[in-house]
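Subject: Structure for your review

Dear colleague,

Please find the structure below, with the sequence alongside.

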Amino acid sequence: MTAHEWGALADDAYARRVLESALDTVDGRVQYADARLIECEELRSYAQLGADPDERIEQNVGIGVRVLVDGQWGFAARPLAADTDAAAAARQAHASAVALAGSGKRVELPPREPASGRYETEVAQDPFAVDTAARHELLAAWLGAASTPAEVAAAQAGVNAKRQHRHFADTEGSRQHQHLLETGAMLVVTAAGHGDVQRRSYPNSFHGNTAGAGWEYLASLAMQENAARVGQEAVALLTAPAAPRGYADVVIGAQQVSLQIHESSGHALELDRILGDEANYAGTSFIQASDVGTLRYGSDAVTIASDPTRPGTRGSFAFDDEGTPARRAALIDRGIVRNTLSTRDSAARSGLALTGAARSDGWAYLPVCFSTHVYLEPGDGGSLDELLDRMGDGYYIDDNRSWSIDNQRLNFQFGTEVAYEVKKGRRGRLLKNFSYGGVTPQFWGSVEAVAGPSEFRAFGYPCGKGEPKQWGFLSHGASPMLVRDLRIGVA
Amino acid sequence: MSTEFAAPVAPDGLLDRLGAAAKAGGADAVEITLLGRAGEYTRFAGGRVHQPQDILETQYSVRAIVDGHAARAAVGTVNGLDEAVRRATTAARAMAHGDHGNATVATPAAAQDVVLWHDDTAAFDAAQRAQAAGRTMREAEKAGGHAAGMFGRALTQIAVVTSTGVAHHALATEAIGSLTATVGDGTSHWIDLHRSAAALDLASSVDRTIAEAVAGQNRIPVPDGRYTIVLGPQAAGELLGFLEDAGFSGELAAAKVGLVAQRAGDRVASPLVTVADDALATVGLPIGFDMEGTPKRRVPLLTNGVVGEAVTNLATAKALGTASTGHAHIAREEVPTPVAANIVMDAGDATEAELIAGVERGIYVQRFWYTRLVDRLTATITGVSRDGCFLIEDGKLAQPVAGARFTHSILDFLSTVDGVGAARRSQPVMNVWNGSVTAPALRGHGFRFGSAKIEEN
């Protein structure tokens, strides 16, 4: 039995019948319709210092149907409790589109060749087959290692896994079946004392790190030894000197670069934002549709791509959530904006290329533009040590502590958990409360070099967007990079 | 077209069905929580309704306790409920290694009645919302600009049953409106939510927002510096949402971190500042009990500026040796933790115009954006101002100003408050089930716009 043989929707043929029953309900009455039938199960185990462990497994199955009638969209989503629910969702989606007849600008989708297929995440060890007690023994060991110093006031350790059957069908003939699985881990330590409170995290500062892989992914994280390290570092930060203010050269570690990509590259390149669809909530973008192909976004060292075909990440898939086959798209090529993260609707309205970035949080929400696996291409900067050597004097920073950026994705301010003074290419004192700020194109324009492929790491993120807010699950990858003359100490 | 506005799960016989499942599992105790939401949202931008959404979601979450150890299993439909009880019980049993854990379920107690149903929200159907969206976009266009926003109604359902006799059910209407009007470089934003759609005062809120966008054209930058500021209700609510991070959560209090642990009883804010978590108030999104079935009570956070209590769930209350305040919550991808989900600040008696009239030179801020905690110890946050911001000169709104970054301690700001507005508005709390913050306009001093000065180093 493989890791994908579970639940009610492992059978593609059955899922296809359910989807087709939904499409049949609106057959002949729509310009276009698609249906997504998804079963999801998520496992989360947590251990906390001074509190009972927590264990939860959550399952849901449902269908989301989107229709286009006389140029107006309609969408409805329902849990799947009975055979009739798929048709009910389709009827409601149709009704909501009909209610908007003549109410606004029409949407016309260019025709698309149907694409069908099956995709599975490669899994060596099924995380759902790992014994509950074994998971909690592991968490207890991580927690014990992290909380050895007396100044550790709080600590959390966790493991997570999610498996999904994602089935898609549309009126153009596409039939797609994706069976996804992801696994992750997290650790956060808070130290208090000496009139201060400091935190350290591993392997990602935001909800841990999650990969498109099985339980084997955890072995690559070396959680036990890193738990001890971050516990000690959290305590060391309490008495570390504060980072200075001014302008400095900085090597930014892969985790912090990944968040910088998320906030200032991924979001800025979402085409629905660029076109104003998100103006009320998530915001707009400083990049305009007319900038594609010409705008200098960064230095020649900066190439950022979207590539969900790369396996093993939280943004890996074969088809996006409106059925567009996955492909690599250069978003920023040697500093120039070349593409956006687009959906069929946004690409059609703007005349820009369709890059397959329509993504939704399960069956209940509409697909919108979200990042996929969006990453900074490794450069010729060699290893991290070589990059520090190239910098000479400055700072090495990593692991995000706070993040904020304006609604056009232009003016940002980030803080990191750790910073190290660097003198003549050698790491020196640990510093706390490091922050830096800037303006997106100037920041990326100051990137002198990016470390090579050996330093590349990928980070899985959740992200929020839309009204009502939905979650996107995606990935960003990076090697450390050298930025010259960065404004630091801005908080 | 009027659409059906029905409960996510039919209430008839629901508690009995959940009760039977809770008692059949073989665990020492079982708690079953149904969270349901039938939401309809008319989202518009670019001269069209681009995202009409009709979403029904239900989750039955089972928490089984064996020898003081708890595990949860959740399913989306009632079909899987008995299996979820079995899974949760099996997992809880696997976690019990002979040592006794601390997990418990709530003690049966009556929840206070609150008004949850409003017929005007039930009538706020797709046709009404589409009509309102169309009018909004046309009015913005007449003003030379455009509008993006969302009008919605929802039915929120919660039921909690335990094998020990807790049995609560609530079905609540919810209406929400939000709008960003853009005219030239001027923008204005409005958001409000309430159990009653009529309370949104939709038409006049739309007209006012468009007029503010017209007035907000030709923005100038905000020079770095410290300012007297008047915050509109939305900006004020954004700041109040950070009180929990400053130490008003039971989790932080139990870890002896933050204001409640360190400074309970101390005055840290102006005497004009009284803030509570109050799910029994008539504003925001009232609800009578939490996900563990504990009746909610008003929890004073700041009373006339003095530090009060932390919100707790069963686990953190036990760690603190108190009773749960009814604030259990499970955020997605996070460990369960108590949350201040219904923050309400007491209103004052001033109009916004009166608050502004008391400022010789300052800034009016309608909306903050992307605010994040920078330093827990000082409750310092960073973010940017976004829409509807103006210089204040000689007691009146003057030149519109562009969005600007700020980094400031919310406690420092609240300690300087010398004016509180009479009108309050509510907004959702991100990632919190049934979460809302309700705030009036505030006036305070010494608020820092711009990054830290390099010369201060």
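In strand β12 of chain A, A:I336 is the bridge partner of A:D333. This contact belongs to the pairing of β12(A) with strand β11 (residues 329-333) of chain A, which is antiparallel and has two bridges. Strands here are DSSP runs of E with at least two residues, helices are runs of H or I with at least four, and both are numbered from the N terminus; two strands pair if DSSP finds at least two bridges between them. The model is predicted, so local features need pLDDT of at least 70 and side-chain atom pairs count only at pLDDT 80 or more, while totals for chains, interfaces and linings use all residues. Residues are numbered from 1 along each chain as its sequence is written, and chains are lettered from A and ligands numbered from 1 in the order in which they are written.

The two strands belong to an open sheet of six strands in chain A, ordered β12-β11-β10-β15-β22-β21, with mixed pairing. The edges are β12 (336-337) and β21 (457-465) of chain A; each has a single partner strand, so one side of each lacks a neighbour in the sheet. Helix α6 (residues 254-266) of chain A lies across β10 (304-306), β11, β15 (373-376), β21 and β22 (470-478) of chain A, and runs at about 125 degrees to β22(A). Such angles run from 0 to 180 degrees between N-to-C directions, with axes as lines fitted to C-alpha atoms, for helices over the stretch in contact.

Chain A as a whole has 10 helices and 23 strands. Its radius of gyration is 23 Å, close to the 23 Å that the globule rule gives for 491 residues, so chain A is as compact as a globular protein of that length. The radius is taken over C-alpha atoms, and the rule is 2.2 Å times the number of residues to the power 0.38. Of the 491 residues of chain A, 66% count as buried, meaning that 20 or more other C-beta atoms, placed from the backbone, lie within 10 Å of the residue's own.

Between the chains, 72 residues of chain A are in contact with 80 residues of chain B (C-beta atoms, placed from the backbone, within 7 Å). Strand β2 (residues 51-69) of chain A gives the largest share of the chain A side, 12 residues. That strand is joined by three bridges to strand β3 (residues 69-75) of chain B, and the two run parallel. In this pairing A:I57 stands opposite B:A73.

Chain B is divided into domain 1 (14-215) and domain 2 (225-456), with bounds from an automatic or database domain assignment. The domain centres, taken over C-alpha atoms, are 22 Å apart. In chain B, 34 residues of domain 1 are in contact with 28 residues of domain 2. On the domain 1 side, β6(B) gives the most, with eight residues.

Strand β19 (residues 436-449) of chain B is mostly covered, with 11 of its 14 residues buried. It pairs with strand β7 (residues 225-231) of chain B in the antiparallel sense over six bridges, where B:I229 stands opposite B:G444. Strand β18 (residues 419-428) of chain B is also antiparallel to β19(B), over seven bridges, with B:S426 opposite B:T438. Strand β11 (residues 342-345) of chain B pairs with β19(B) in the parallel sense over three bridges.

Note on methods. A residue is buried if 20 or more other C-beta atoms lie within 10 Å of its own, exposed if 12 or fewer, and partly exposed in between; C-beta atoms are placed from the backbone. Two residues are in contact if their C-beta atoms, placed from the backbone, lie within 7 Å.
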